[in-house]
Amino acid sequence: MLIPSKLHFPRRLHNAITRQRVLNTLSDAAHYKLVLFRSPAGYGKTTMAAQWLANKEATGWYSLDEGDNDEYKFAKYFIQTISNATKLELQHSKALTEKRQFASLSSLFSQVFTELIPFQDEAYFVLDDYHLITNDAIHLGLKFFLKHLPDNLTLVITSRSQPPLNTANLRVRDLLIEIDNQSLAFDQSETSLFFNQRLNSDIDQESITNVRKHVEGWPSALQLIALHSIQHNQPLSNSTQAMAQLNHTHLWDYLAEEVFDHLDKETQHFLMRCAVFDHFSTQLLITLTDRNDAQLLIENLNRFGLFINTDGDKGDWYKFHNLFAEFLTHQRQNHLSHEETQLQKKAAQAWLSSGNIYQALRHAKNANDDALIAEILTQHGWHLFNNGELTLLESTINSLEPEVLFTSPRLVIIRAWLAQSQHNYLQVDDLISEGQREMSARNTTLDRYMQGELDALRAQVAINKNEPEVALAFAEKALEELDTNKYRSRIVATSVIGEYHHVSGNLAQALALMQQTEKMAMTYGIYHQALWAILQQSEILMAQGFMQAAFDLQDNGFKLIKDQDLGQLPLHEFLLRARAQIYWFWFRFDEAEQYTWKGLDVLSPFDETKHLRGYSMLARLAVARGELDKAERYLEKCQQLLSQADYHIDWKANASSAQLFYWQAKGNTNAMSYWLNQTEKPETRCNHFTQLQWRNIARAQFHLGDIELAINTLQTSQAIAQQHKLITDINRNAIMESVLLYENNQINESVEVMHLAIKQSNQTGIIGSFLMAGKGTLKPLAKLLQKGQISELEKHRIEQLQKALSNNERSRSAHFDEAFIEKVINNPEVPELIRASPLTHREWQVLGLIYSGFSNEQIAAEFDVAPTTIKTHIRNLYQKLNLPNRKAAIAMADELVGMMK
């Protein structure tokens, strides 16, 4: 007697969501012999099959259990399933099953096919939970059934494992539709629909994404989370909290009952040990478990639907489903806790053998084995350093006990290099001193090569502290001590010697050494050092006036960062800032600002003292545009940062330059006087940053009324710049000197110097420095043009500068920025019509430029829009402010400017 429920179609689908994505895959299923739903437990195979077939009239359903491995019992139920679907009695076939008068299932199915001849409609026969069938006779019979199945009939199987039914042959012949766990896992839209259908509260997509990602779309886990939220009346808004509060007991009970408890003890232990890895290869498993059959075992388990997925393109890499991995870890910690430390150590060694340092470190940390951690870092610490893993390296070294750390000179040196890489020069000295003291107390000595590595580090620290002679001595000593195969420290020492020549004004030698450094670093894969060498070459080329060559070289730096994933390094900000500097010189202020902000974004995870150069550039840009309120905010930030650290003269000179331009615009001579009395006056002027500092000094002297002294300061700097062929500084000095000479009524000398500046500008492309010098350059430029003894190229450059200076001065004179607009709106003396007017920010800007005397075409060029767009803005602001014409607009703007003074 047959049990009716085994042949009944599942009806509990009232709360199931419609899986249109999967249904689309099944739309042509009638043309296939087999539809196979295969996935681990809880993926909704039965539900999905039932949903798909719910509206199919000719469907027969057979729910299998372990008892169906009896082939006679299987035959009875399966014949009845076919009969239910086709509405045919199949009397002869049923009689054979009742009397057990068939030699094999194949012979029985031959009779079935004969009786099915009258049925020509499409029909579906479902075998649910086929993984419970282990009888080879049944498998053999179903192979025959599939091979000879009429074209109008389709067999549907749900199973946790791959059924042995010649599916490969069906796949090749395109007679098989497979719906696996990847297809059955909920996607974003299905997860959203699922939760919205069950929970009353609104759920943000980020929470849904986070939950779905963690459970990998596993429907059963999503159901448990929904039930937990309903039962505890808690929203899903905090996805992290939802996962933390999920009743893992229910989840683990489910996995135990449905999956784990069906395995033998040996297999259970194997899986628990495997779960030490978050992903693994067969070779890793062999090393961990000492089982040569690990590959065969894991492949068999994968076929049997044990939440094991292939990982990546390589077929021999696997990973457990996230939640199954958590379950196995829980089981291991309860039942194999005595093996945990040893398993973590073996996992670390296995990863080391595979060359994965990061995973090896993770497992060594899990094992709480400082000795193993130190061993890994001693062997591979430089690899981590060179690949920019500074945070990981620093946190790991700092976690070591002193007894372990100070018995490894290599780790002591790496720890100091980490501080150096973050420009914490004073800390580096302290770390070196501490390391030497602690190693001496433990009788840990440095061999000659290790001493060379330490001296290379000291050389780098010295050059960064602006002690070039000390740096040179250490670098040369390091090269004598280091063996030729100690390439990393030899690269550093060579780089430092290059920097020494750079700051000493020997640019040709410096460039050659930096090119050599780059080549060595690229050869040995020390990519951050290669990037540093590129940056140094870029600065040297800029100092030599080769802006386009520096720009092109910077492109190589950006490519290196992209190719080697170095975007997280502070050096990335250096490169972005160097690019911003070139855009500044070329009067491309918008791009300069864009790259400066990008650089500050790179530095956001680091100590904010590194932000000084970025804010100095932003302040300079704001002053150049006449945005003095904005410049004031940036300079306040600079002053805050300057009070927090001791900076290199290069950084301080750049900050002072922006500050002095701001004070010049504000007429604040008292601040200039105080600065001049306090500021550093470098002994040399043979590099770009000491040249800049002496220009700062000359600027302060000029605005404090000592013009003769200012001219003398500049001329002294210019002579040294010419001696060292600092072309860009020659150009910038000449611009400023020309203005000062003109103010001192030395007109002919001024024009002659301006002619030099123009000649240099045609080589360097520098425009920004002319604009920062302001309207003071217009008179010597006009005199030079009037003089007439210039080339056509020089004439073109002068006219270009005159136009840019004129436009920039007008723009600076009435830049209606956000701060100005806010003052207008909050000033009670301003008429209510203006304060309450809904002018857009762009309309305020247009009003400011009208006031500055710009034509419609000039305003359009300023904003890079069509003149018709500007006409629309003007018409709108006239209507909003009740203005009849341009003259009235200029009068109103003039009144507002007067009120704000």
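Q223 lies in helix α11, which spans residues 219-231; helices here are DSSP runs of H or I of at least four residues, numbered from the N terminus. The model is predicted, so local features need pLDDT of at least 70 and side-chain atom pairs count only at pLDDT 80 or more, while totals for chains, interfaces and linings use all residues. Residues are numbered from 1 along each chain as its sequence is written, and side-chain values use heavy atoms, with hydrogens and water left out.

With a relative accessible area of 29%, Q223 is partly exposed, a class between buried (under 20%) and exposed (over 50%), for a 1.4 Å probe and protein chains only. Apart from neighbours within four places in sequence, Q223 is in contact with F194 and R198, contact meaning heavy atoms within 4.5 Å. Between the C-alpha atoms of Q223 and L165, 58 residues apart along the chain, the separation is 33 Å.

Helix α14 covers residues 265-274, and its buried residues include T267, Q268, F270, L271, M272 and C274. At the start of α14, the backbone nitrogen of E266 has a side-chain oxygen of D264 within 3.1 Å.

Further along are helix α29 (residues 527-543) and helix α30 (residues 547-564), which pack at an angle of about 165° with axes 8 Å apart. Axes are lines fitted to C-alpha atoms over the stretch in contact, and angles run from 0 to 180 degrees between N-to-C directions. The angle makes α29 roughly antiparallel to α30, a term for angles over 145 degrees. The contact involves, among others, Y527, I534 and L541 of α29 and M547, L553 and L560 of α30.

Notes:
Helix = DSSP H or I, 4+ residues; strand = E, 2+ residues; numbered from the N terminus. Parallel < 35°, antiparallel > 145°, perpendicular 65-115°, else oblique. Polar contact = N/O pair within 3.5 Å; in protein donor to acceptor, adjacent residues only side chain to side chain.
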